[in-house]
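Hi everyone, thanks for coming. Let me put the structure up on the screen, and then we can walk through a few parts of it together.

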Amino acid sequence: MKKMLVLTAALSVFTAAGAWAADPAGLPTAIKDKGFITAGIMPNYPPMDFKDPGTNQLTGVDYDLGMEIAKRLGIEVKWQETAFEQMVSGLVTQRLDIVLSGMTDTPERQKTVDFVDYFKTGPQFYILDTSKDVKVATDLCGKKVGTSRRTNFPVEIAKWSAANCEAKGKPAIVVVGTEGSADARAQLRQARLDGAVQGSETLPYIQTQESGAYRVIGEPLTFQLAGLGVAKGNPGLSAAIVATLDAMIADGSYGKILKKWNLEQGAVAKAQLNQGR
């Protein structure tokens, strides 16, 4: 009886793993058979993800990386615009194979998603260039600072405030959750906010689009890793993407994509899984 139970358990594990078994090239058979990867993206975060104003076509760092990864894997990418808060559930329910949309690799998200970390970034304070009463980051203590509520930036602002404002006897930053980065910038221009926070990788692009409008203050509040998300139950796909990205890093094509978007400073030396802390 014990041998039968062991055999039954072994067969069930084999059956469950079979759907994601890798072919000799490293790509899971299930993905290879259908011939494409469904990738979740939300094109509202330039230069990582956005639509070209002239053509309305997807573009950005994540789009370029995804297209090159798929090309090397010998399959197509079908991009699916997905609300940011639905991306993790999309992976869990297998509506999406990957998420490639500037998502921060965090321990909480790692409970249900594996992340192939591909970019270094960090939340960054910025203000209107016309602001006269904010010269250094601590001048924002006691003031209203907005950021997208869909990110972990509100938590990071609160941590920074506790260490740099409250701990030094200054009033806490008032964190205002917004509908996204564009909303935060709109409220900043409307004087409803004194400052805002978004990923440091986006600010050089925003400054080129709105010359003279914004000024970056201080250094990033912390450093984080952006990760390409894959469902926990799909380790073969994660491994194939890690190997492909490492090859792109080695031959310079990864660096070429980042240079195109003036983001060489965010390059990682090696693709790794779940290094977000």
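Let's start with the lining of the largest pocket: its residues divide into ten nonpolar, eleven polar and six charged. Here Ala, Val, Leu, Ile, Met, Phe, Trp, Tyr, Cys and Pro count as nonpolar, Asp, Glu, Lys and Arg as charged, and the others, Gly among them, as polar.

Before going on, a word on the source: this is a predicted model, where local features need pLDDT of at least 70 and side-chain atom pairs count only at pLDDT 80 or more, while totals for chains, interfaces and linings use all residues. Residues are numbered from 1 along each chain as its sequence is written, and side-chain values use heavy atoms, with hydrogens and water left out.

Back to our pocket. On a 1 Å grid over the protein atoms alone, a pocket is an open set of points where a 1.4 Å probe fits, with protein on both sides within 12 Å along at least five of seven lines, and lining residues have an atom within 4 Å of a point. The volume is the space filled by probe spheres set on the points, which are joined across faces, edges and corners. For the largest pocket that space is about 420 Å³. Of its 27 lining residues, Asn44, Tyr45, Phe84, Ser148 and Thr151 are the closest to the centre. Strand β6 (113-121) and helix α6 (181-189) each supply at least two residues of the lining. Helices (H or I, at least four residues) and strands (E, at least two) are DSSP runs, numbered from the N terminus.

Next, is strand β7 (residues 123-128) buried or exposed? Six of its six residues are buried, so β7 is largely enclosed by the rest of the structure. Buried means under 20% relative accessible area, exposed over 50%, and partly exposed in between, with a 1.4 Å probe and protein chains only. Strand β7 runs antiparallel to β10 (residues 195-199), joined by four bridges, and phenylalanine 125 has valine 197 as its bridge partner there. With β11 (residues 214-217), β7 also pairs in the antiparallel sense over four bridges. Strands pair if DSSP finds at least two bridges between them.

Last stop: the disulfide, meaning a pair of cysteine sulfur atoms within 2.5 Å. Cysteine 141 is joined to cysteine 165, S to S 2.0 Å. The torsion about their S-S bond is about -80°, so this disulfide is left-handed. Cysteine 165 is buried, with a relative accessible area of 0%, and cysteine 141 is buried too, at 10%.
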